[in-house]
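Take a moment to turn the model around before reading on. Then we'll walk through it together, one region at a time.

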Amino acid sequence: MERIRTWLAAAGLPVTDGQLSQLETYYQLVIEKNKVMNLTAITERNEFIEKHLIDSLAPLAVPELRKLFPCRLIDVGTGAGFPGIPMKILCPDLSVTLLDSLQKRVGFLQEVISALGLTDITAVHMRAEEGGQDPAFREKYDLAVSRAVANLSMLAEYDLPFVKVGGTFLAYKSGDVAEELKAAGHAIRTVGGHYEDPVYITLPDTDIQRALIPIRKEKNTPKAYPRKAGTAKKNPL
């Protein structure tokens, strides 16, 4: 965990012993629950730190992205809590909603929130397509994040409906994303967004390259989006 402290300190973000302790407890909770529920295929300690914790925190190491915090954030398709929980630990002033479609995962996230003593964070059982049409969640957030493997056209339709005009959807992708961005341009514009230049970052002490794509919400998302569950996958914009 000291690797996280050293890396973020070099980027100008101090990390306390208490925060490192919370990250350690989080790791232990995920590994223990993973014995009875499929949360992650990555369980080896150093790999977990690199590919889950450091990766989740990557935007905080980039000055032009760090200015997005603190804010009201929604993590869409959070799974085991990445990146929302590590972000909340390092940025206690964040207001966080963790959204996931599987009740068992949401139950686990609620256990984590309680065990870590986190406040102003909630786990919600709901599909992105439902949440994006729900007045309690639609266009209520400054920042939406997703580490999902879905293509960017789908992610734009899932995430941007949650974002206020003037807010940002930050997509985590891998490798060179130029072609994927070009292909997703129509979808992004359709749901009210405009993408900015990707920020490329190599995770410390690895050859893992992460592309972080800020997509600015320029206008309200048309009421037709997001479409019904499964539609975006079958018929991407």
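The residues lining the largest pocket split into 14 nonpolar, 9 polar and 7 charged. In that tally, Ala, Val, Leu, Ile, Met, Phe, Trp, Tyr, Cys and Pro count as nonpolar, Asp, Glu, Lys and Arg as charged, and the others, Gly among them, as polar. This is a predicted model, where local features need pLDDT of at least 70 and side-chain atom pairs count only at pLDDT 80 or more, while totals for chains, interfaces and linings use all residues. Residues are numbered from 1 along each chain as its sequence is written, and side-chain values use heavy atoms, with hydrogens and water left out.

How much space lies in the largest pocket? About 830 Å³. Of its 30 lining residues, Gly 77, Gly 79, Asp 100, Ala 148 and Val 149 are the closest to the centre. A pocket here is an open set of points on a 1 Å grid over the protein atoms alone, where a 1.4 Å probe fits and protein lies on both sides within 12 Å along at least five of seven lines; lining residues have an atom within 4 Å of a point. The volume is the space filled by probe spheres set on those points, with points joined across faces, edges and corners.

Strand 2 (95–100), helix 7 (128–131) and helix 8 (152–159) each bring at least two residues to this lining. Helices (H or I, at least four residues) and strands (E, at least two) are DSSP runs, numbered from the N terminus. Which helix gives the most to the lining? That's helix 8, with 4 residues.

Stay with helix 8 for a moment. It is mostly covered, with 8 of its 8 residues buried; buried means under 20% relative accessible area, exposed means over 50%, and partly exposed is in between (1.4 Å probe, protein chains only). Among those buried residues are Leu 152, Met 154 and Tyr 158, but also Glu 157 and Asp 159. At the start of helix 8, Asn 151 has a side-chain oxygen that comes within 3.0 Å of the backbone nitrogen of Ser 153.

Now look at helix 3, which covers residues 45–57. Its 13 residues reach 17 Å from first C-alpha to last, close to the 18 Å expected at 1.5 Å a residue; the expected span is 1.5 Å times one less than the number of residues. Glu 44 caps the N-terminal end of helix 3, with a side-chain oxygen 3.2 Å from the backbone nitrogen of Asn 46. The buried residues of helix 3 include Phe 48, Ile 49, Leu 53 and Ile 54. What do the buried residues of helix 3 pack against? They pack against helix 1 (2–10), helix 2 (17–33), helix 5 (84–90), strand 5 (163–174) and strand 8 (209–217).

Strand 5 is where you'll find Thr 168. At 3% relative accessibility, Thr 168 counts as buried. Its side chain joins that of Arg 216 through a polar contact of 3.3 Å; a polar contact is a pair of N or O atoms within 3.5 Å, where within protein one must be able to donate a hydrogen and the other to accept it, and residues adjacent in sequence count only if both atoms are side-chain atoms. Leaving aside residues up to four places away in sequence, Thr 168 touches several others, including Leu 68, Asp 142, Pro 214 and Arg 216; contact means heavy atoms within 4.5 Å.

Another threonine, Thr 221, sits in the loop between strand 8 and helix 10 (231–234). Thr 221 counts as buried too, at 6% relative accessibility. Its side chain makes a polar contact of 3.1 Å with the side chain of Lys 217. Among the residues that Thr 221 touches, not counting those up to four places away in sequence, are Arg 138 and Glu 139.

Most residues other than glycine have a negative phi, and most peptide bonds are trans. Glu 139, in the loop between helix 7 and strand 4 (141–146), has a positive phi near 55°. Asp 205 has a positive phi near 65° and lies in the loop between strand 7 (199–202) and strand 8. At 70% relative accessibility, Asp 205 counts as exposed.

As for cis peptide bonds, one joins Phe 69 and Pro 70, with omega about -15°. The bond from Phe 82 to Pro 83 is cis as well, with omega near 5°. Pro 83 lies in the loop between strand 1 and helix 5.
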